[in-house]
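Visitor: Hi, could you walk me through this one? I'm new to this.

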Amino acid sequence: MSDTPILEILGVGKAFPNVRALADLSFGVRRGEVMAFVGENGAGKSTLLKILAGDYRLDEGTVLLDGQEVSHVDPSQARKAGFRLVRQEPEIVPHVSAAENIYVGELPQKRGVVDFEKLRADAKALLEECGFAGLLDLNASGDSLSPAQRHIVEIARALKPGVKVIAFDEPTSSLTADETQRLFKLVRGLRARGLGVIYVTHRLHEVMAISDRIVILRDGRLVGVTETAATAPDDVVRMMVGRDLSYGFVRQETTRSDAALEVSDLSSRWHRNISFTIRAGEILGFAGLVGAGRTELAKVIFGDLPKRSGEVRVGGIPVNIKSPSDAIRANIGFAPEDRKGEGLILVRSVIENASMAVFSSLSRWGVLRSKMMIDMVSPLIASLEIKTPSLEQEVGKLSGGNQQKVVLARWLAAKPKVLILDEPTRAVDVGAKAEIYRLIDNLAKSGIAIMLISSEMPELLALADRIVVMQGGAISSPIEKLDASEERILSFAIGQHAA
Ligand SMILES: Nc1ncnc2c1ncn2[C@@H]1O[C@H](COP(=O)(O)OP(=O)(O)OP(=O)(O)O)[C@@H](O)[C@H]1O
Ligand SMILES: [Mg+2]
């Protein structure tokens with residue numbers, strides 16, 4: 001490892017209307033090192049990466065990449081100079097193959113037409129180099145790719161020749177444990193090749209496992225740069241949030257009440273004979289590996305995907321749900337994991353998005369509506385610590401984690417009988433996470449039945465009263481809180497127990 005930085009950030013600042021996103025930021029990334037970026041939601045991590053990628057212009061400061069000034073570049077100049085960003089939500093062209101998606105904008109040509117033979121050979125070699133061969137069919141059409149496969153396309157795009165610094169923005173949220181291990185192997189390989197690697201994540205265990213140094217940002221400013229080996233996870237958290245966090249959220253035992261949601265013998269394209277009950281005030285956790293069918297189950301119950309057979313009852317009454325509006329009418333709420341695709345209207349304001357689920361009842365009040373919306377949404381914005389310059393801000397302009405919190409705010413406002421939460425704290429920082437746990441706990445205490453899908457074991461163990469494990473389209477019998485442990489849940493998830 002050499003000490004000359006391959007990337008130098010010198011006094012960089014950036015403001016948006018009403019928001020100072022970055023201020024006087026200076027540090028370097030060395031050749032052959034993995035540098036983790038951590039900071040609370042809205043700290044400025046993605047903004048810095050977008051400046052480096054040429055999406056945003058910086059207001060002040062200088063950026064040097066391998067000695068060359070790249071302070072004011074457009075996306076194609078940034079790429080050429082050797083900076084590559086692996087985005088969390090990659091742009092995929094729907095009706096062309098995965099191979100063409102990897103080479104979009106730079107398809108190999110032969111006598112004026114696309115050289116498909118070379119395209120396939122190059123793409124295949126690239127995938128092998130990444131260690132992702134076998135996980136992606138290069139002929140598959142863009143719109144058929146899973147989130148993980150889209151991510152692999154995005155990684156392959158970044159690794160084309162000329163890469164000097166590569167940045168990953170929350171790369172593992174759509175990856176399985178196995179894919180995450182492959183990604184780590186790839187990252188270590190890139191480090192060995194002498195690249196500068198930037199790794200942005202809210203998952204501290206990944207920071208500790210993969211990084212050499214850690215850059216800590218708070219409110220757009222540099223709090224510090226530490227050597228990972230000499231840093232304890234608690235120190236990182238303290239620097240991020242500027243205070244000690246009380247860990248160990250534990251939900252009190254609840255009294256047993258009547259069934260709020262009963263699902264019996266539900267089958268669909270993805271599931272067979274699923275039955276479970278969630279009582280009013282209960283949190284039922286759904287564990288399982290990414291791809292086990294939990295999100296699809298949530299969508300089937302919510303009427304977003306078709307069921308084949310089976311019955312759903314809410315408060316003891318059978319409901320026939322054929323669409324999400326049927327589900328909302330039956331008092332079921334659903335906060336999806338894919339907030340951009342299904343959760344939010346990005347060009348609408350924070351307040352409109354947050355009050356959407358109660359909009360129809362509010363609209364009866366005519367002119368009173370907006371004041372009622374404000375009264376309803378303001379306290380939620382405050383308690384969720386949503387960082388936004390105003391209630392009128394477009395949701396698409398909030399940081400990723402803050403968008404996630406707006407999805408939650410909507411359902412907190414709507415107070416349904418049954419609430420399905422799919423990965424409610426994905427992309428949310430550690431401080432806000434504790435706050436969200438308290439809110440979910442309070443929702444349950446107010447009598448709402450909660451179906452909690454989470455890939456984070458500590459989250460399930462802290463919040464759920466009982467946990468079922470989904471595997472291969474079926475679920476295990478519920479594990480009581482007292483008997484639940486990570487090992488036990490994992491052994492179900494990888495199919496070492498019969499369901
Ligand atoms: N296009 C934009 N217009 C206006 N404000 C923006 C825009 N992009 C980002 N911001 C604001 O800049 C600040 C930094 O946002 P950024 O996305 O960099 O945060 P982040 O550290 O990546 O957070 P997260 O962990 O939630 O992804 C936030 O207050 C955000 O609302
Ligand atoms: Mg971000």
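This is a predicted model: local features need pLDDT of at least 70, side-chain atom pairs count only at pLDDT 80 or more; totals for chains, interfaces and linings use all residues.

Visitor: Which domains is the protein chain divided into?

Guide: Domain 1 (5–92 + 145–241) and domain 2 (260–493). The bounds come from an automatic or database domain assignment. The C-alpha centres of the two domains lie 30 Å apart.

Visitor: How many residues does the contact take from each domain?

Guide: It takes 16 residues from domain 1 and 17 residues from domain 2. Two residues are in contact if their C-beta atoms, placed from the backbone, lie within 7 Å.

Visitor: OK, new topic. Where does ligand 1 lie?

Guide: Between domain 1 and domain 2, because both give residues to the shell around ligand 1.

Visitor: Which residues come nearest?

Guide: Asn41, Ser46, Thr47, Ser399 and Gly401, out of 19 residues around ligand 1. A residue is near a molecule or strand if its C-beta atom, placed from the backbone, lies within 6 Å of it.

Visitor: And which helices and strand supply at least two residues each?

Guide: Strand S2 (19–30), helix H1 (45–52) and helix H15 (400–414). Helices (H or I, at least four residues) and strands (E, at least two) are DSSP runs, numbered from the N terminus.

Visitor: Now the sheet. In what order do the four strands come?

Guide: S14-S13-S16-S17, in an open sheet with antiparallel pairing. Two strands pair if DSSP finds at least two bridges between them. Strands S14 (274–279) and S17 (317–319) stand at the edges with a single partner strand each, so one side of each is left without a neighbour in the sheet.

Visitor: How many bridges do S16 and S17 pair over?

Guide: Three, in the antiparallel sense. Arg313 has Pro318 in S17 as its bridge partner.

Visitor: Last one. Is Val237 buried or partly exposed?

Guide: Val237 is partly exposed, because 19 other C-beta atoms lie within 10 Å. The cut-offs are 20 or more for buried, 12 or fewer for exposed, and partly exposed in between, with C-beta atoms placed from the backbone. Val237 is found in helix H8 (residues 233–241). Its C-alpha atom is separated by 7.6 Å from that of Val430, 193 residues apart along the chain.

Conventions
Residues are numbered from 1 along each chain as its sequence is written. Chains are lettered from A and ligands numbered from 1 in the order in which they are written.
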